[in-house]
Amino acid sequence: MDSSPAKVTSTRRGYWLSMMALVVALPAALAVQTWGSIKDWRSQHLRQPLSASLGQPVDYAGASWTVTRFTRLAGSADSAVVLAEFEALAADPKALGSVPCEVRLSDGSSREWRPTLFADPVVRKQYPEAEQRSLCGGMAFATTEPGKPARMAASFSIPPAASSLTLSIALYSALPNYLSVSEPRT
(Lines give C-alpha, C1' and ligand atoms only; values in the text may rest on other atoms or scores of the structure.)
Protein backbone atom coordinates (compact mmCIF):
# COMPACT_ATOMS: atom_id res chain seq x y z
CA MET A 1 0.00 0.00 0.00
CA ASP A 2 1.38 3.31 -1.12
CA SER A 3 0.65 6.04 1.42
CA SER A 4 2.93 8.71 0.09
CA PRO A 5 1.96 12.29 0.98
CA ALA A 6 1.48 13.20 -2.72
CA LYS A 7 -1.03 10.39 -3.27
CA VAL A 8 -3.02 11.27 -0.09
CA THR A 9 -3.16 14.95 -1.11
CA SER A 10 -4.29 14.00 -4.62
CA THR A 11 -7.05 11.77 -3.23
CA ARG A 12 -8.29 14.48 -0.88
CA ARG A 13 -8.23 17.06 -3.65
CA GLY A 14 -10.27 14.74 -5.89
CA TYR A 15 -12.73 14.14 -3.07
CA TRP A 16 -13.30 17.85 -2.43
CA LEU A 17 -13.54 18.67 -6.15
CA SER A 18 -16.19 15.95 -6.48
CA MET A 19 -18.13 17.37 -3.52
CA MET A 20 -18.00 20.89 -4.99
CA ALA A 21 -19.21 19.60 -8.35
CA LEU A 22 -22.06 17.80 -6.59
CA VAL A 23 -23.08 21.01 -4.77
CA VAL A 24 -23.41 22.74 -8.15
CA ALA A 25 -24.72 19.85 -10.28
CA LEU A 26 -27.47 18.59 -7.97
CA PRO A 27 -29.44 21.87 -7.70
CA ALA A 28 -28.94 22.48 -11.43
CA ALA A 29 -30.32 19.02 -12.25
CA LEU A 30 -33.31 19.57 -9.95
CA ALA A 31 -34.03 22.97 -11.51
CA VAL A 32 -33.94 21.55 -15.04
CA GLN A 33 -36.11 18.60 -14.04
CA THR A 34 -38.79 20.69 -12.32
CA TRP A 35 -38.94 23.64 -14.74
CA GLY A 36 -41.67 22.02 -16.83
CA SER A 37 -43.74 21.28 -13.74
CA ILE A 38 -43.36 24.84 -12.47
CA LYS A 39 -44.36 26.21 -15.86
CA ASP A 40 -47.49 23.98 -15.93
CA TRP A 41 -48.42 24.94 -12.37
CA ARG A 42 -48.02 28.64 -13.16
CA SER A 43 -50.24 28.42 -16.23
CA GLN A 44 -53.03 26.83 -14.20
CA HIS A 45 -52.76 28.85 -10.98
CA LEU A 46 -51.46 32.31 -11.88
CA ARG A 47 -54.16 33.53 -14.19
CA GLN A 48 -54.91 36.82 -15.91
CA PRO A 49 -58.59 37.85 -15.96
CA LEU A 50 -60.14 39.24 -19.12
CA SER A 51 -63.05 41.20 -17.64
CA ALA A 52 -66.40 41.57 -19.35
CA SER A 53 -69.92 42.68 -18.47
CA LEU A 54 -73.15 40.79 -18.84
CA GLY A 55 -74.18 40.88 -22.51
CA GLN A 56 -70.82 42.28 -23.70
CA PRO A 57 -69.10 40.18 -26.39
CA VAL A 58 -65.39 39.56 -25.71
CA ASP A 59 -62.83 37.90 -27.97
CA TYR A 60 -61.27 35.01 -26.09
CA ALA A 61 -59.61 31.75 -27.17
CA GLY A 62 -60.53 32.11 -30.84
CA ALA A 63 -64.21 32.95 -30.34
CA SER A 64 -66.47 35.84 -29.41
CA TRP A 65 -67.89 35.02 -25.96
CA THR A 66 -70.99 36.59 -24.39
CA VAL A 67 -72.46 35.85 -20.97
CA THR A 68 -76.16 36.21 -21.69
CA ARG A 69 -77.60 35.40 -18.26
CA PHE A 70 -76.13 35.56 -14.76
CA THR A 71 -79.07 35.10 -12.40
CA ARG A 72 -79.38 34.25 -8.72
CA LEU A 73 -82.46 32.13 -8.06
CA ALA A 74 -84.17 31.26 -4.80
CA GLY A 75 -83.18 27.79 -3.68
CA SER A 76 -83.82 26.00 -0.43
CA ALA A 77 -83.35 27.53 3.02
CA ASP A 78 -79.68 26.55 3.12
CA SER A 79 -78.68 27.20 -0.50
CA ALA A 80 -79.19 29.52 -3.43
CA VAL A 81 -78.87 28.67 -7.11
CA VAL A 82 -76.96 30.70 -9.67
CA LEU A 83 -77.65 30.15 -13.36
CA ALA A 84 -75.09 31.33 -15.88
CA GLU A 85 -75.79 31.09 -19.60
CA PHE A 86 -73.17 32.00 -22.16
CA GLU A 87 -72.40 31.53 -25.83
CA ALA A 88 -69.38 31.52 -28.07
CA LEU A 89 -69.30 32.33 -31.76
CA ALA A 90 -66.23 30.66 -33.27
CA ALA A 91 -65.03 30.57 -36.86
CA ASP A 92 -64.11 26.90 -36.34
CA PRO A 93 -66.27 25.39 -33.57
CA LYS A 94 -64.84 21.89 -34.10
CA ALA A 95 -61.35 23.13 -33.16
CA LEU A 96 -62.63 24.44 -29.82
CA GLY A 97 -64.54 21.19 -29.20
CA SER A 98 -61.37 19.35 -28.21
CA VAL A 99 -60.08 22.05 -25.85
CA PRO A 100 -60.81 21.43 -22.14
CA CYS A 101 -62.88 24.17 -20.57
CA GLU A 102 -63.43 25.02 -16.92
CA VAL A 103 -66.24 27.09 -15.42
CA ARG A 104 -66.17 28.30 -11.81
CA LEU A 105 -68.06 30.67 -9.61
CA SER A 106 -66.32 32.57 -6.82
CA ASP A 107 -67.33 35.13 -4.25
CA GLY A 108 -65.73 38.07 -2.47
CA SER A 109 -64.40 35.71 0.24
CA SER A 110 -62.37 33.71 -2.33
CA ARG A 111 -64.64 30.67 -2.05
CA GLU A 112 -65.13 28.75 -5.30
CA TRP A 113 -67.86 26.49 -6.65
CA ARG A 114 -67.94 24.19 -9.64
CA PRO A 115 -71.13 23.67 -11.66
CA THR A 116 -73.61 21.11 -10.41
CA LEU A 117 -73.84 18.01 -12.55
CA PHE A 118 -77.62 18.15 -12.92
CA ALA A 119 -79.75 21.27 -13.13
CA ASP A 120 -81.46 22.24 -9.90
CA PRO A 121 -85.29 21.81 -9.89
CA VAL A 122 -85.60 25.62 -9.68
CA VAL A 123 -83.60 25.95 -12.94
CA ARG A 124 -85.64 23.18 -14.63
CA LYS A 125 -88.88 24.93 -13.66
CA GLN A 126 -87.98 28.57 -14.44
CA TYR A 127 -85.55 28.09 -17.35
CA PRO A 128 -86.21 24.69 -18.97
CA GLU A 129 -84.21 25.62 -22.10
CA ALA A 130 -81.06 26.02 -19.95
CA GLU A 131 -81.23 22.37 -18.88
CA GLN A 132 -80.79 21.30 -22.51
CA ARG A 133 -77.57 23.25 -22.94
CA SER A 134 -74.15 21.71 -22.57
CA LEU A 135 -71.56 22.77 -20.07
CA CYS A 136 -68.57 24.67 -21.44
CA GLY A 137 -66.64 23.17 -24.36
CA GLY A 138 -66.78 19.66 -25.84
CA MET A 139 -70.32 18.79 -26.88
CA ALA A 140 -71.44 22.41 -27.16
CA PHE A 141 -68.91 23.08 -29.91
CA ALA A 142 -69.12 19.63 -31.51
CA THR A 143 -72.80 20.10 -32.38
CA THR A 144 -72.49 23.72 -33.56
CA GLU A 145 -72.25 24.74 -37.19
CA PRO A 146 -69.84 27.50 -38.31
CA GLY A 147 -71.48 30.91 -38.12
CA LYS A 148 -73.82 29.89 -35.28
CA PRO A 149 -73.06 30.38 -31.58
CA ALA A 150 -72.46 27.45 -29.25
CA ARG A 151 -74.89 27.95 -26.37
CA MET A 152 -73.84 26.73 -22.93
CA ALA A 153 -75.11 26.91 -19.35
CA ALA A 154 -73.92 26.15 -15.84
CA SER A 155 -75.78 26.15 -12.54
CA PHE A 156 -74.19 26.43 -9.13
CA SER A 157 -75.49 25.66 -5.66
CA ILE A 158 -74.08 28.24 -3.23
CA PRO A 159 -74.68 29.51 0.31
CA PRO A 160 -77.43 32.17 0.29
CA ALA A 161 -75.15 34.73 1.96
CA ALA A 162 -72.46 34.52 -0.78
CA SER A 163 -71.94 37.94 -2.35
CA SER A 164 -69.81 39.68 -4.98
CA LEU A 165 -70.03 36.70 -7.32
CA THR A 166 -67.72 36.30 -10.30
CA LEU A 167 -68.10 33.78 -13.11
CA SER A 168 -64.85 32.47 -14.63
CA ILE A 169 -64.59 30.64 -17.95
CA ALA A 170 -61.16 29.23 -18.83
CA LEU A 171 -60.15 27.32 -21.94
CA TYR A 172 -56.87 25.50 -21.37
CA SER A 173 -55.51 26.58 -24.76
CA ALA A 174 -55.80 30.25 -23.71
CA LEU A 175 -54.35 30.03 -20.19
CA PRO A 176 -53.17 31.99 -18.26
CA ASN A 177 -55.98 34.26 -19.57
CA TYR A 178 -59.57 33.56 -18.61
CA LEU A 179 -62.91 35.27 -19.07
CA SER A 180 -64.28 36.94 -15.92
CA VAL A 181 -67.79 38.35 -15.49
CA SER A 182 -69.05 39.86 -12.24
CA GLU A 183 -72.58 39.46 -10.95
CA PRO A 184 -74.76 42.36 -12.11
CA ARG A 185 -75.57 44.85 -9.35
CA THR A 186 -79.24 45.01 -8.46
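Start by selecting Tyr 60, Trp 65, Phe 86 and Phe 141: ring pairs join these residues into a cluster. Rings of Phe, Tyr and Trp (its six-membered ring) count as a pair when their centres lie within 6.5 Å; planes under 30 degrees apart are stacked, over 60 edge-to-face, and the rest tilted. Bear in mind that this is a predicted model, where local features need pLDDT of at least 70 and side-chain atom pairs pLDDT 80 or more, while totals for chains, interfaces and linings use all residues. Residues are numbered from 1 along each chain as its sequence is written, and side-chain values use heavy atoms, leaving out hydrogens and water.

The structure has four aromatic pairs. Go to Tyr 15 and Trp 16, an edge-to-face pair with 5.1 Å centre to centre and 75° between the planes. Tyr 15 is partly exposed at 47% relative accessible area, and Trp 16 is exposed at 53%. (Buried is under 20% relative accessible area, exposed over 50%, partly exposed in between, with a 1.4 Å probe and protein chains only.)

Now pick Trp 65 and Phe 141, also edge-to-face, at 6.0 Å centre to centre and 75° between the planes. Trp 65 sits in strand S3 (residues 63-73) and Phe 141 in helix H5 (residues 139-142), so this pair ties together parts 76 residues apart in sequence. Helices (H or I, at least four residues) and strands (E, at least two) are DSSP runs, numbered from the N terminus. Both Trp 65 and Phe 141 are buried.

Last stop: Ser 106, in strand S5 (residues 101-106). Ser 106 is buried, at 17% relative accessible area. Beyond its neighbours within four places in sequence, its contacts (heavy atoms within 4.5 Å) are Arg 111, Glu 112, Trp 113, Ser 164, Leu 165 and Thr 166.
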